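Trainee: Please take one part of this model and go through it closely. I would like the surroundings first, then the detail.

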Amino acid sequence: MNDASETGAGRARDRDTEGRARNARPRDGLGRPLPYGAPGVARQPEGVVRTPQDTVGEAQALLDAGQPFHAHEVFEDAWKSGPDKERALWRGLAQLAVGLTHAARGNATGGARLLRRGAAAVEGWAAETGEHRPYGMEVARLVAWARESASVVEREAAAVDAQAWAPRLLGERR
C-alpha cells in the first residue's frame with residue numbers, strides 16, 4: 001500500500017503512487033483475494049510491454065503452473081499495449097484464460113460463456129486477418145480446445161483443475 005483514503009467501512013483504500021485505487025491484497029493462483037498478510041501468488045505487474053513472443057511464453061508458463069488468472073493479466077497487457085490490428089487477438093486470449101479461471105473456481109456458467117466468447121474472438125480475428133498461426137499459436141486448435149472445454153464444463157458443472165486443463169499455445173505438451 002502506498003497511499004490511502006478511508007472507505008465507508010473505515011478501512012484505508014489501497015492506492016498506487018499516482019493515487020489510483022489498487023487492491024494490494026494477496027491473491028491465490030486463481031486470482032481470488034486472500035486476507036491481508038496471507039501468503040499469496042506473486043501478482044503480474046500491470047502495464048508491462050512485452051514482445052508478442054514473450055507474452056506467449058510468459059502466459060504459457062502461468063497456464064502450466066495452474067494460474068490462468070495471472071496469464072489473463074499478461075494477455076491483457078498485450079491487448080492494451082499492442083498494435084490496434086492485434087487487440088482482438090489478445091483480448092480473445094485473455095477471455096480464454098479468464099474463462100479457464102472461472103471454470104477452475106467452479107463457475108461453470110461464466111467459465112463456459114467466456115471460453116466460447118474468447119474462442120469466437122480469436123477465430124474471428126484469424127478470419128479477418130487471414131493469420132491462423134500468429135506467433136506460432138495454432139488458432140484452430142485453441143478454438144477447438146476452448147469450445148470442447150466449455151461443453152465439458154457445462155456438462156460436468158464442477159470445478160476443473162486449471163493446471164491439467166491448461167491449453168498449449170504453441171503445440172502439444174512436451
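Mentor: Read along the sequence, this predicted model follows the pattern β-β-α-α-α-α-α-α, which comes to six helices and two strands. Of the 174 residues in the chain, 43% are buried. Among contacts between residues at least 6 apart in sequence, 53% join residues at least 24 apart.

The part to look at is helix α4, residues 108-129. With 22 residues at 1.5 Å a residue, α4 should span 32 Å, and its end C-alpha atoms lie 31 Å apart, so the two values agree. After α4 comes glycine 130, with a positive phi near 80°.

The buried residues of α4 are Ala108, Gly110, Gly111, Ala112, Leu114, Leu115, Gly118, Ala119, Val122, Trp125 and Ala126. An α-helix has 3.6 residues a turn, so residues three or four places apart point the same way.

Two packed helices are described by the angle between their axes and the distance between the axes. For α3 and α5, the axes come within 11 Å and cross at roughly 25°. Because angles under 35 degrees count as roughly parallel, α3 is roughly parallel to α5. Their crossing is left-handed.

Note on methods
Residues numbered from 1 in each chain as written. Predicted model: local features only at pLDDT ≥ 70, side-chain atom pairs only at ≥ 80, totals over all residues. Heavy atoms only, no water. Helix = DSSP H or I, 4+ residues; strand = E, 2+ residues; numbered from the N terminus. Expected span 1.5 Å × (residues − 1). Buried < 20%, exposed > 50% of the residue type's maximum accessible area, 1.4 Å probe, protein only. Contact = heavy atoms within 4.5 Å. Axes fitted to C-alpha atoms, helices over the stretch in contact; angles between N-to-C directions. Parallel < 35°, antiparallel > 145°, perpendicular 65-115°, else oblique. Left-handed = near helix turned anticlockwise from the far one by under 90°.
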